[in-house]
Number of protein chains: 2
Amino acid sequence: MMRVLRRLLIGKPLHNRELAHEKLPKWKALSIFSSDALSSVAYGPEQIMLALVAVPSLVAYGFMGPVAIGILSLLAVVVLSYVQVAKANPEGGGAYTVAKKNLGKMPALVAAGSVFADYVLTAAVSVSAGTAAIVSAFPALAGREVTIDVLVLFAILMLVNLRGVRESSNAFVIPTYAFLLGIIILIVIGIWKSYTAAPYLLPPESLARQQLDWAMLFVILRAFANGCSSMTGVEAIADSVPMFRKPEARNAAITTYWMAGILGFMFLGITYLVMHYHILPIPEVTAMSQLAEEIFGRSAAYYYIQITTMLVLYLAGNTAYNGLPVLLSIVAKDGYMPRYLATRGERLTFSNGIILLTVAAALLIVVFRGNTEHLISLYAIGVFISFTIAQSSMVVHWNRERGKGWQIRALLNGIGATTTGLVVLIITVTKFLYGAWIILLFIPIMIYIFTAIRGHYNSIADQLHLPEECYEKGAATFPEGKHIVIVPVSTTTRVVYETIKYAKMIGDNILAVHVSNNEETTKKVVEKWKLWDPGIELIVIRSPYRLLMRPLLHFIEKKEREKGPDDYITVIIPEFETRKSWHRLLHNQTGWFLRNTLIWRENVIVTTVPYHLKE
Amino acid sequence: MMRVLRRLLIGKPLHNRELAHEKLPKWKALSIFSSDALSSVAYGPEQIMLALVAVPSLVAYGFMGPVAIGILSLLAVVVLSYVQVAKANPEGGGAYTVAKKNLGKMPALVAAGSVFADYVLTAAVSVSAGTAAIVSAFPALAGREVTIDVLVLFAILMLVNLRGVRESSNAFVIPTYAFLLGIIILIVIGIWKSYTAAPYLLPPESLARQQLDWAMLFVILRAFANGCSSMTGVEAIADSVPMFRKPEARNAAITTYWMAGILGFMFLGITYLVMHYHILPIPEVTAMSQLAEEIFGRSAAYYYIQITTMLVLYLAGNTAYNGLPVLLSIVAKDGYMPRYLATRGERLTFSNGIILLTVAAALLIVVFRGNTEHLISLYAIGVFISFTIAQSSMVVHWNRERGKGWQIRALLNGIGATTTGLVVLIITVTKFLYGAWIILLFIPIMIYIFTAIRGHYNSIADQLHLPEECYEKGAATFPEGKHIVIVPVSTTTRVVYETIKYAKMIGDNILAVHVSNNEETTKKVVEKWKLWDPGIELIVIRSPYRLLMRPLLHFIEKKEREKGPDDYITVIIPEFETRKSWHRLLHNQTGWFLRNTLIWRENVIVTTVPYHLKE
């Protein structure tokens, strides 16, 4: 049953040789790697607006333009720096790999922790924003956001990714380009209308810039920090250079520029329109939806925008599935995460990482009740920490390589590192209480976990390692020891017969032990035993307190103290396996308790000879 | 930790010889065995009133007197019949034992099912009524009834009974007599006031008897059925004859008469006062509380009544703890319930039965939200079914014995059986939709469970039974067979060393098996194995689909097909036991999966040689 369902949902197992490396053309790579970055225009400008209208007295729209310009400049710096990363790392790999190579263990682990947090947030933010887009269009769905989010995560993203990356990657191209087309038309028509139609009536004071005091500065920086969420995903192309066609690095660089150009255009356009049409927050309707309705009315075009926005946002959530399981597998190979995260499942995907990501993102969404705005408060800080570390690594890299023009490259990455570091500071200060503290707490916790896991694996490896002299030819010797076999017996049955039969096969020194809590029963058992006469003496232990386990354990402990260091004690528990599981409720689980108690003793081995009931 | 807590709460284990049989004087036995019956005056008259005021147009108080008289007559019949039971069964035992002896298996199981249901309801009804008494006095507690009920069940009744019956029985005497004293004074003063004080102003039509049509008859019979709940517990003395001082049967009979007299007096008195003071249902205030307030005002006497009522009702709940675990142990000894219900725990109590009762009663209270009225709808029917069966058994008994005056005794019990059978019919008809159907469904379900359990034990006994010829002196022979030992190996470690060492001890035919999902790793492992040279060939199985379990299982299955019927295959899994439980999350649970898969195969034994990590 389970297996059939699994085949249906996930597909048949794949052979090792089916792990092919598809090389992507630029136009396809653009849609696959940049859905995360590009789709963020669906919530980025809105988040700036939300921060600015939080000003108590007046709507501070006037500052929206400058904030957007600031973010675009930051985008330029980050993109230029990341093109350097792409060129220096043709084998790909994200901040963790780059930092490990150039800066060492600790910065690499910080990067791993931040990227981990950010991938989970990418999935959570993108899915909840995608749902917000579709709920805006179909208000009947309102109130079911969390259910939709969790369904999308488990029933779509998780399943598609467990099936494997190749099947999912083709689905990227059409929705991404459809989204781009829609947004570009929206912007063009929106701007055209803003000049040709009757001028919009705006309260003049709302567009005015407020007096720039410290409180206002804080609000502006918070708006800037919110807007930085649009920049997550910019690094995706540089991390995936090997997926490009030759010349890989150059193609990756060109694709990055394209992406940055499109992102910049869309970001600026949407921000302008939000300002011009004076969009204000309305519960359960996104700013994009308001904008599209303003420009197209509730026409087919409006629904086209909403549906493609939803699709591209869900695909953006999918980029976390391309990224995190691979990152986890790299970290796990280095011993910082459980080993099984490093092995590919039957469909050649990193199944455990995919499941972990799904559960973590779903948890975040449930805790934050699918509220995009609250989730975004956690977002971006992790990305910018990893940006900073990656750029710093590149400075070290260029300084070490000292190739042609290394000074300029190092300078570029130095500017990148400084700028993104500054952004980390801004986000920390302006959003600390709004959720950034969670991430700043999460990263050290992750580092602690990483090192604890690594420490455990190291200690295990040391303890399990056979000393070198064991590998001298023929060195393996096994000291001879005695073997004591203990069989607890309640009465003479077929199970006991089978157990004794097995006991006689594995040892000569067999002790049958009967724990007695009732004199009469014991008398009968001893009598039967004598008649049956299996050639083994039955040792009777009295238990006036009616306990079964403790007297038996005392007996075993006594034998344990008497035995030599190379002797083994095997306890064989006569047990029968019932045919129906409810039957198990009708029997003592003594065997189970005994097994779980004795597993802690050295040189005591517990074995069950299961007797299978036929009925 | 757990053990210390357990000692504190439950006490130290008791030796078998500490199972003493205390003999009780009549005055003590009365308080211990009749708290259930006597305390029912706290809710019995109220339930009659509730049924009568349910008449749509008018309050049918006028019928309250006749209904009470009817119940008293029934009480007389039941008591006389049960004195017969006490005399005929000096060894005690309830309806189940008596029916098994005289009527056979089926009636006995019906009795067991009904008494089971009734004991659980005794606990649930008494506890919820006790809480209702205290909530009436302290309205601040209102709304927390279910919490209080569940606390009383788990923290008081369960713990006290797990400690043991002797300690709990002494606590019975004072509250029961305090309650009796209080109620008798209440009745005397109440009646005195009813004659001396200014006559109560009552709407005359409410006291008038309505026209007696079919609908009215139904209401009256329902009131009667409700009032029958006062009669549960009357059988307790007859069931416990051996606990009395000599002459046991006579003393038990005298105590029964005393109890019946007191119960009758109180029942009649309370009913009269409820009528006279025209008590009507008020949410969260019991009729008894209204009555006590009417007569004493909110004085100390009022609180005395409420608190002793609460105490005696909780003690009445405790009688279920004296009864049900013993009944379950008797039924379990006959194989109709899981065997472990028949064994005494470390404090000589039937711990499993006590826990079962507590959980069942708590469940009932939670499902019915602590509503005494709704719980009482289920009540009484079980008791009257068991009354009927017990009395019928006695008719058969006297007819078989034919001692002196057997005809009169048989007649007495015959009248008892007929009357109680009629009551079963009345309760079924008038309360079917109000909850009686639950019990009438529960009893056949229980009978099905009883017989299914017995069937399973019989089948097990047959299957496990060694044939008689095995008990001819020296008949035990154990056919010789081969022993194949399979050791799955991932790489050469200390764990594998220990495992091979043990394998060599238990067999000569050892197969080391390595499942390979990576050519490079396998090459290294094979090389190391050759250098180490433990004297066993390493068999390599390729697994291009990266599965570990399935290729190994296929290998074991192949060996299984090849082996002879008396050969054994032992699979020894090299496993290490981590020191901290979270470490376990970092390792594959292959051993666990393997063990759980292979336990279903005949003649394949799975053993773990646990290697204990020191760090």
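This briefing covers the confidence, symmetry, interface and selected local features of a complex containing chains A and B. The model is predicted, and the predictor assigns the complex an ipTM of 0.71 and a pTM of 0.68. Chain B can be laid on chain A with an RMSD of 0.3 Å, and 63 residues of chain B are in contact with 63 residues of chain A.

**Chain A overall**

- Chain A has a mean pLDDT of 85, with 90% of its residues at 70 or more.
- Among the elements of chain A, the lowest mean pLDDT (53) belongs to helix H9 (residues 165-169), and the highest (93) to helix H7 (residues 105-137).
- The secondary structure of chain A consists of 24 helices and five strands.
- Of the 615 residues in chain A, 47% are buried.
- Of the contacts in chain A with a separation of 6 or more, 81% are between residues 24 or more positions apart.

**Symmetry and interface**

- The superposition of chain B on chain A takes a turn of 179° and a shift of 0.1 Å along the axis, which is the relation of a two-fold axis.
- Ile506(B) has the C-alpha nearest the axis in chain B, at 2.2 Å from it.
- The copies meet through the same surface, because 100% of the interface residues of chain B are also interface residues in chain A.
- Contact with chain A involves 63 residues of chain B; helix H19 (406-464), helix H20 (494-506), helix H21 (519-532), strand E4 (568-577) and strand E5 (604-612) of chain B each supply at least two residues to this side.
- H20(B) gives the largest share of the side of chain B that touches chain A, with nine residues.
- By class, that side of chain B has 32 nonpolar, 18 polar and 13 charged residues.

**Helix packing in chain B**

- Helix H7 (residues 145-163) and helix H16 (residues 351-367) of chain B have axes that come within 10 Å and cross at roughly 170°.
- An angle over 145 degrees counts as roughly antiparallel, and H7(B) and H16(B) are therefore roughly antiparallel to each other.
- Residues making the contact include Val150(B), Leu153(B), Phe154(B) and Leu157(B) of H7(B), and Ile354(B), Ile355(B), Thr358(B) and Ala361(B) of H16(B).
- The contact of H7(B) with H16(B) has 13 nonpolar, three polar and one charged residues.

**Glu577(B)**

- Glu577(B) is in strand E4 of chain B and counts as partly exposed, with 14 C-beta neighbours inside 10 Å.
- Leaving out residues up to four places away in sequence, Glu577(B) touches Ile599(A) in the other chain and Pro610(B), Tyr611(B), His612(B) and Leu613(B) in its own.
- Lys614(B) is 37 residues from Glu577(B) in sequence, and their C-alpha atoms are 9.4 Å apart.

**Backbone exceptions**

- Most residues other than glycine have a negative phi, and most peptide bonds are trans.
- The peptide bond from Lys246(A) to Pro247(A) is cis, with omega near -10°; Pro247(A) sits in the loop between helix H13 (236-239) and helix H14 (248-276) of chain A.
- Lys246(B) and Pro247(B) are also joined by a cis peptide bond, with omega about -10°, and Pro247(B) lies in the loop between helix H12 (236-239) and helix H13 (248-276) of chain B.
- Glu284(A), which is not a glycine, has a positive phi of about 65°; Glu284(A) is in the loop between H14 and helix H15 (287-296) of chain A and is partly exposed, with 13 other C-beta atoms within 10 Å.
- Asp533(B), not a glycine either, has a positive phi of about 55°; Asp533(B) is in the loop between H21 and strand E3 (538-542) of chain B and is partly exposed, with 14 other C-beta atoms within 10 Å.

Note on methods: Residues numbered from 1 in each chain as written. Chains lettered and ligands numbered in written order. Predicted model: local features only at pLDDT ≥ 70, side-chain atom pairs only at ≥ 80, totals over all residues. Contact = placed C-beta atoms within 7 Å. Helix = DSSP H or I, 4+ residues; strand = E, 2+ residues; numbered from the N terminus. Nonpolar A, V, L, I, M, F, W, Y, C, P; charged D, E, K, R; others polar. Axes fitted to C-alpha atoms, helices over the stretch in contact; angles between N-to-C directions. Parallel < 35°, antiparallel > 145°, perpendicular 65-115°, else oblique. Least-squares fit on C-alpha atoms with pLDDT ≥ 70 in both. pLDDT = per-residue confidence, 0-100. Buried ≥ 20, exposed ≤ 12 C-beta atoms within 10 Å, placed from the backbone.
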